[in-house]
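Welcome! Here is a short tour for anyone meeting this structure now. Please keep the view open while you read.

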Amino acid sequence: MEMTVNKEMVAVAEKLTPELIQGAAEPKGSIEVIADENAIQGWRVEPKRDPQEWKEGAYGKGDSFVLDFGDHLVGYLSFSVRPVGSPPDAPLKLKLVFGEMPCEIGEPFESYDGWLSSSWLQEETMFVDILPAEIKLPRRYCFRYLKVEVLDTSGKYKAAFDQFVCTTVTSGDVSKVESLPESLPEDLKLMDRIAVKTLQDCMQTVFEDGPKRDRRLWIGDLRLQAQANYYSFRNDELIKRCLYLFGGMRLEDGAVGACIFEKPHPHVDDVRFFDYSLFFVACLYDYYEAAEDRETLEKLWPVAMKQLEIGIDKLDEHGIVKLGVSNGSFIDWQSELNKETPSQGVLIYCLKRGMALAATLGLEKERAYIADQINRTTKAALDHLWENDLGVFISGADKQVSWASQVWMALAEVLPQEENAALMDRLFTQPPAIGMTTPYMFHHLIEALFLVGHRDKAIEQMRAYWGEMVQDGADTFWELYNTEDKKLSPYGSNLINSYCHAWSCTPTYFIRKYMI
Ligand code: RAM
């Protein structure tokens with residue numbers, strides 16, 4: 001597929017590539033990962049009686065130990081290994097397995113049969129010819145737990161390990177994050193700390209979606225990371241870099257692609273989503289609100305306007321969004337979800353932000369055109385998607401009622417204020433059958449609750465969702481979480497899920513924006 005590349009914009013983005021901040025972390029001690037039906041995903045962690053026991057041992061064929069670094073890390077592992085016994089007469093064959101979660105250590109990767117590539121599972125098999133050795137792994141890993149398995153030595157020697165160090169990397173400077181008021185409840189402070197850590201570990205040379213997987217810039221994730229960043233790290237330059245990357249490399253028809261690869265040179269992936277392309281407008285709006293960078297707004301405005309035009313182009317004769325095979329929306333990881341009505345909500349939400357930007361830029365013709373489209377799509381939603389008897393928005397030919405449809409229509413503010421609040425109330429008194437799967441979709445529920453003024457309900461829901469993730473031992477917040485099914489994965493295996501995921505970092509945004 002042809003891509004539209006604007007070299008000037010890409011050059012601006014490349015100039016903004018940040019230097020990464022480095023740190024060092026060593027293991028807290030060795031542990032055992034034990035199968036336990038009552039533990040999260042069936043695995044419990046137990047510290048060894050002597051946490052430094054791993055240093056004392058000499059390991060031969062088939063021996064292993066597991067280290068716990070005490071927190072989630074993103075970086076480069078180095079370690080030292082030496083022979084014990086006779087001079088080593090054969091290479092050392094070693095396997096390292098990295099886990100964000102105990103399940104990655106407990107379940108052999110050979111058992112994985114999900115539909116994403118198994119190459120995402122973090123492991124390394126290596127041969128060390130000369131001992132003793134200082135080894136630095138070239139790949140970046142993302143982990144708290146490390147399993148060290150000696151696959152073979154020889155009958156004449158064993159291997160001993162003295163030191164493991166992870167050189168951590170991030171572009172999020174935690175010293176820029178303001179401390180929270182003492183009076184904030186402890187559980188929310190903890191939730192904030194984990195959210196900040198989640199964001200920090202995803203902040204690399206772009207805002208990555210997850211440092212384990214997919215390790216790249218997705219615009220749906222960027223939008224939420226950016227919102228959290230404005231209340232925490234304030235690395236606005238990194239947002240600017242990401243906006244220029246998306247703006248500078250687009251799909252054939254000018255649509256913003258869903259994600260960007262940085263290496264071997266920046267390029268856009270050929271994945272597109274109706275909602276994700278539109279979010280370029282919302283990202284630019286939020287960026288301008290926070291950074292007041294008019295030059296960037298002026299440069300990137302044509303890209304934003306184009307996304308609105310492409311979105312409008314997908315309306316049917318009634319002014320309703322029609323999705324198709326080549327024009328899907330993301331909205332949530334939910335195969336049974338009809339995404340048309342939520343997408344209508346996204347379109348209206350982005351049109352409103354686009355209209356504000358056009359007004360800021362004094363572009364009267366564009367402003368008036370967008371205003372007409374807001375009226376058209378809002379009227380269409382009320383005429384064709386609103387079921388007055390039930391007080392809900394329906395989606396698709398089967399008139400599906402979902403949480404996502406109500407939430408996105410609330411965020412789009414299609415109904416007058418009081419009715420919008422009543423719509424959100426109804427979600428809890430008459431919960432739709434089609435629920436939500438990702439923290440990404442939950443984010444939008446919480447945002448809608450705050451928007452209509454249901455502050456207590458919003459906090460209650462945050463506690464019920466992210467709070468339970470904390471109870472389940474999250475060091476960083478996860479890509480997927482379903483309180484009813486904690487092994488759930490849209491990819492066929494919880495081994496491949498990402499456990500530090502950008503779109504899950506927003507409790508810090510909610511806490512810092514609405515609660516202090
Ligand atoms: C997943 C990514 C990312 C999301 C896309 C749509 O693969 O992890 O978070 O934006 O899907």
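## Where the ligand sits

The ligand takes up the space of the largest pocket. Keep in mind as you look around that this is a predicted model.

## The pocket

The volume of the largest pocket is about 540 Å³. Its lining is made of 30 residues, and those closest to the pocket centre are Trp-115, Phe-273, Phe-330, Trp-333 and Tyr-491. Sorted by class, the lining holds 14 nonpolar, ten charged and six polar residues.

## Around the ligand

Now let us turn to the ligand's own surroundings. It has 13 residues around it, and the closest are Asp-209, Asp-214, Asp-221, Tyr-276 and His-501. By class, this shell has seven nonpolar, five charged and one polar residue.

In Asp-209, an N or O atom of the side chain is 2.8 Å from an oxygen atom of the ligand. For Asp-214, the distance from a polar side-chain atom to a ligand oxygen is 3.0 Å, and for Asp-221 it is 2.6 Å.

How much of the ligand's accessible area does the protein cover? On its own the ligand has 290 Å² of accessible area, and the protein covers 95% of that.

Notes
Residues numbered from 1 in each chain as written. Predicted model: local features only at pLDDT ≥ 70, side-chain atom pairs only at ≥ 80, totals over all residues. Heavy atoms only, no water. 1 Å grid on protein atoms, 1.4 Å probe; cavity = no way out; pocket = protein on both sides within 12 Å on 5 of 7 lines; lining within 4 Å. Points joined across faces, edges and corners; volume = space filled by probe spheres on them. Nonpolar A, V, L, I, M, F, W, Y, C, P; charged D, E, K, R; others polar. Near = heavy atom within 4 Å. Polar contact = N/O pair within 3.5 Å; in protein donor to acceptor, adjacent residues only side chain to side chain. Areas by Shrake-Rupley, 256 points an atom, 1.4 Å probe, with all protein chains shown as cover. Sits in = over half its atoms within 2 Å of the grid points.
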